[in-house]
Amino acid sequence: MALLLGVMRHEAGLMRREEFLPLVLLYPLAIAIVMQMVIGVGQRPDLGSFAVVGPWLVGVWQLANLVAGETLNKERHAATLEPLVAAPASTIIVLTAKVGTVSLVSLLGLLEAVAVAAAFGRPVTVHHPLVLLWGGVLTLVAATATSLVLVALYVASRSARTYQNSISYPVLVLGGAIVPVSVLPEWVQPLSRLIFLSWANDLVRASFSPGPAGGVVLASLALIALTLAGGGLGGWLVHRALRRARVDGSLALA
Amino acid sequence: MNTLRVLRVAAHVGYVDKTSIYTPWTWIAGWMTRVIAQVVFFSLLGALIEDPAVTRFLVIGNLVMLAMMPTVMGAVVITWDRMKGVLPHIVAAPASSTAALAGRLTSSVVEGVVTALLAAPVILLLFDVPVRFVDVPALVGLLVLSAVSAAGLASLLGAVLLLRTRWRNLGSNLAVFAMMVCCGVNVPPEATPDALATVGQILPMTHGLIAIRSIMDSTATALGPLIVRELLTGGAWFVASLPMFAYLIHHGRATGTLDKE
């Protein structure tokens, strides 16, 4: 626990100088404005919760994707990767804490989307605050686990930036980040359900429902399962990649 | 004549820069997949509100936006010359520094137009948006015109970002998002909030996109004024970039900071 808190405090200090964070906050803002305008044209104010949750999830995903590529690169550039791996503390726990701390910033995207909704005269009401809190926590934990898988993929690639850029929108489309999965073609839907964004969208949107919050249990179980699978796979892949790099002496080489 | 030669070389350097990031395979498999998914992403909003007319509007707007994205992001390419320490050489050379710097945008314009043209058949088929064969030359011409106009904005942006290169990604993305929100890409200008629509009037692409939509929708809109407005908008941004480049060079020489901030 002391290790987790120590890493999180350290990462929070480093974050103040991160240049990509303001960039990531642009996404939810722009998508929220676009969605509000489109909802206005379509005269569908009933879709207000989509225009809040969707932009937030776009920010969550973009940050998860970006931080996955930057985390190890930053350590390499600062020549701290070797001491990090050599330290007796678990490298996987340190990396998870670092990625998780940065992912907290994406909560600002939710505030941006809520503010945009209010600015467009379509404020949203949280009818189930506990569901919102629970959904927010599960979403960020799932994003952190997904980041860990991406860290492993990017560390094995020579040009993480190219792949980061390439998967950004395809995952947002397949994951049903801004639209319900039912809008996507039927053959895509099983694939969408393997991406945490689709369940996060269902779960967090339920908190804005004026009636009973439906589907909370199913979405929660799915998010927990995806988090465990992603975290396990990501942890194993990162462990393998770092072990190989230690064996062939390429740890500090990009 | 020499300026043309400098422009040609600068365009080639821009092309080489791109090939250091992408191989032909990663450009097609990675970049094209990403941009096609981007258009699908925004066009799905039409499916969300269950309005085919809105979907069509989103498809056309976001397809044209694909040509603007690499063009405006070309501002980042300009900043690389300072970051890599090449700027003092460009300034010391007897050729026009502005041509060398702004010329880097040529490859960005080409990349933008090629991106949109390659994505168009896939997107238009996917969303069942027909295009009359006879309209294709005019549509391509307007796409090129809009991209060239956007290069004017990228030139000023590049000149400003040369002063603070660490903000290059934020600045260029801000410009791309501003165009996405203000230029009638996702909703018509008349449905855009007044403040945003006003910004759209001075941004490139707004009038070119109206012209493209009028051809696609076969509406009787006079294209001439729209083309002139688009040209004037891009030209104004480019002219505004010239004193910025001059200031940067003068300031950099005076303070010895051409190769560092």
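1. A crossing of two helices is called right-handed if the near helix is turned clockwise from the far one by less than a right angle, and left-handed if the turn is anticlockwise. With that term in hand, this note goes through some points of the structure, which is a predicted model.

2. In chain B, helix α2(B), residues 24-48, packs against α3(B) at an angle of about 155°, and the two axes are 8 Å apart. Because angles over 145 degrees count as roughly antiparallel, α2(B) and α3(B) are therefore described as roughly antiparallel to each other. The crossing in which α2(B) passes α3(B) is right-handed.

3. On the α2(B) side of this packing the residues include B:V35, B:V39, B:F42 and B:L45, and on the α3(B) side they include B:V54, B:L58, B:L63 and B:L66. Sorted by class, the contact of α2(B) with α3(B) has 11 nonpolar and five polar residues, and no charged ones.

4. Helix α3 of chain B spans residues 52-83, and B:V77 lies in it. Is B:V77 buried or exposed? B:V77 is buried, because 23 other C-beta atoms lie within 10 Å and 20 or more are enough for that label. Not counting residues up to four places away in sequence, B:V77 touches B:G14, B:D17, B:R104 and B:S108. From B:V77 to B:V40 the separation is 37 residues in sequence and 27 Å in space, C-alpha to C-alpha.

5. A contrasting case is B:A93, which lies in the loop between α4 (87-92) and α5 (97-102) of chain B. B:A93 has 11 C-beta neighbours inside 10 Å and therefore counts as exposed, the limit for that class being 12 or fewer. B:A93 and B:V77 stand 16 residues apart in sequence, and their C-alpha atoms are 20 Å apart in space.

6. The largest nonpolar core has 158 residues, and those with the most contacts inside it are B:V72 and B:M179. Its largest share, 18 residues, comes from α3(B). Leaving aside neighbours within four places in sequence, B:M179 is in contact with B:M68, B:V72, B:V185, B:L203 and B:M205.

7. Further along chain B, helix α6 (residues 105-126) and helix α7 (residues 136-163) pack at an angle of about 140°, with their axes 10 Å apart, and their crossing is right-handed. Among the residues that meet there are B:L105, B:S108, B:V109 and B:V113 in α6(B), and B:V140, B:L143, B:A147 and B:A151 in α7(B). The residues of this contact divide into 12 nonpolar, three polar and no charged.

8. Helix α7(B) also packs against helix α8 (residues 168-182) of chain B, where the axes come within 10 Å and cross at roughly 155°. The helices α7(B) and α8(B) are therefore roughly antiparallel to each other, and their crossing is right-handed. From α7(B) the contact takes B:L153, B:L157 and B:L161, and from α8(B) it takes B:R168, B:G171, B:S172 and B:A175. By class, these are four nonpolar, two polar and one charged residues.

9. Finally, there is the interface of the two chains, where 29 residues of chain A are in contact with 31 residues of chain B. On the side of chain A that touches chain B, α2 (20-41) and α8 (160-174) of chain A each supply at least two residues. The largest share of that side, 12 residues, comes from α2(A). The residues of the side of chain A that touches chain B divide into 21 nonpolar, six polar and two charged.

Terms used:
Residues are numbered from 1 along each chain as its sequence is written. Chains are lettered from A and ligands numbered from 1 in the order in which they are written. This is a predicted model: local features need pLDDT of at least 70, side-chain atom pairs count only at pLDDT 80 or more; totals for chains, interfaces and linings use all residues. Helices (H or I, at least four residues) and strands (E, at least two) are DSSP runs, numbered from the N terminus. Two residues are in contact if their C-beta atoms, placed from the backbone, lie within 7 Å. Ala, Val, Leu, Ile, Met, Phe, Trp, Tyr, Cys and Pro count as nonpolar, Asp, Glu, Lys and Arg as charged, and the others, Gly among them, as polar. Axes are lines fitted to C-alpha atoms, for helices over the stretch in contact, and angles run from 0 to 180 degrees between N-to-C directions. Angles under 35 degrees count as roughly parallel, over 145 as roughly antiparallel, 65 to 115 as roughly perpendicular and the rest as oblique. A nonpolar core is a set of buried Ala, Val, Leu, Ile, Met, Phe, Trp, Tyr and Cys residues joined through C-beta atoms within 7 Å.
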